[in-house]
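Subject: Structure handover

Hello,

Here is the structure I promised to pass on. Please open it first, then read my notes below.

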Amino acid sequence: MKGILPIIAICVSVAPTSAQNKADIEVSYSYEFPNFKTAARESHNQYILRANTRESRFFSPRTEYVDSMQSTPEGKAKLNEITTNAYTSGNFDKIPRADGSYYVVKSATSDKMHCYETVGMEKLVSEEPMPKIDWQIGEDSRNILGYDCVKATTQYNGRVWNAWFAPDIPIQNGPWKLSGLPGLILEAESADGLYIFTATGIEKTGKDIGTVYLADQYEKMNRKEMLKAKRAFFDNPLGNINAQLSGKNMKITAQDEHGNKVDNGKRIFATREEVDFIETDY
């Protein structure tokens, strides 16, 4: 596996500017996070990081598949066909569903980071400077996927993070917004254990880093305002959705497992005091 390292180094040293949208590595991560209804850490998603030394994109492959289909009339028609057939046959597992609601795109070239997130029916994007994270590198070590990793700790956007990075992989990047260590981050866990990213596979690649489908449909918003909008949705999801549908003469109502109408004002998600987002500084 460690044969990837000299190849990455060669790509970094000779790649022309026109090739900067090509990834050197593709890393798969398992993402554990809280169930926002029960507040228990019982939810899992798969994410992928495609990166070179300057650019990266972190995304859910299932979410990207759905977004790619929705980006063209032909894709929408196919998606509707698949969904209709699944409902008709009763095989609901065949319905393509998003798995993970955000993309993170980092660019050291422009010194910008963009986070695209779906909140209810809204698509929102925040633009931030590339993070300058103040890591404290320790002496503890651990082997992950055959790479010797070193522990580092930081406080970032409200949470304390413990990360394990591989100095032998010369890409200062990692899952989600985490970056800035002298090597690729292969594991990161919030100190309270609620959020965990764990690399499950890594390979060299020449794939395009890629862009975000439907990016022009996302509304630009300040990072903290975006988090506040997300909290407002979690505090009253049906009210927020119905407010967005008010001009379309449509209304969403909730039902329990027996088909009985549920009070639209009833809380669906846990409170902020019970469980908060991956960023808490809003």
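Contact here means heavy atoms within 4.5 Å. This is a predicted model, in which local features need pLDDT of at least 70, side-chain atom pairs count only at pLDDT 80 or more, and totals for chains, interfaces and linings use all residues. Residues are numbered from 1 along each chain as its sequence is written, and side-chain values use heavy atoms, with hydrogens and water left out.

Start with glutamate 32. It touches Arg41, Ser43, His44, Leu194, Tyr195 and Ile196, leaving aside residues up to four places away in sequence. Glutamate 32 sits in strand E1, residues 25-34. (Strands, E, of at least two residues and helices, H or I, of at least four are DSSP runs, numbered from the N terminus.) Its relative accessibility is 17%, so glutamate 32 counts as buried.

Next, the salt bridges. There are 18 in the structure. (Each is a side-chain nitrogen of Lys or Arg within 4 Å of a carboxyl oxygen of Asp or Glu.)

Take lysine 132 and aspartate 111: their closest N and O atoms are 3.4 Å apart. Lysine 132 lies in the loop between strands E6 and E7, and aspartate 111 in the loop between strands E4 and E5, so the pair ties together parts 21 residues apart in sequence. Lysine 132 is exposed, at 68%. Aspartate 111 is partly exposed, at 35%.

Arginine 223 and glutamate 279 also form a salt bridge, at 3.1 Å between the closest N and O atoms. This pair links distant parts of the chain: arginine 223 is in helix H4 (residues 223-235), glutamate 279 in the segment after strand E14, 56 residues apart. Both residues are buried. They also belong to a network of salt bridges with Glu128, Lys177 and Asp281.

Aspartate 276 and arginine 231 meet in a salt bridge of 3.3 Å, N to O. Aspartate 276 is buried at 10%, and arginine 231 is buried at 6%.

Best wishes

Technical notes:
Buried < 20%, exposed > 50% of the residue type's maximum accessible area, 1.4 Å probe, protein only.
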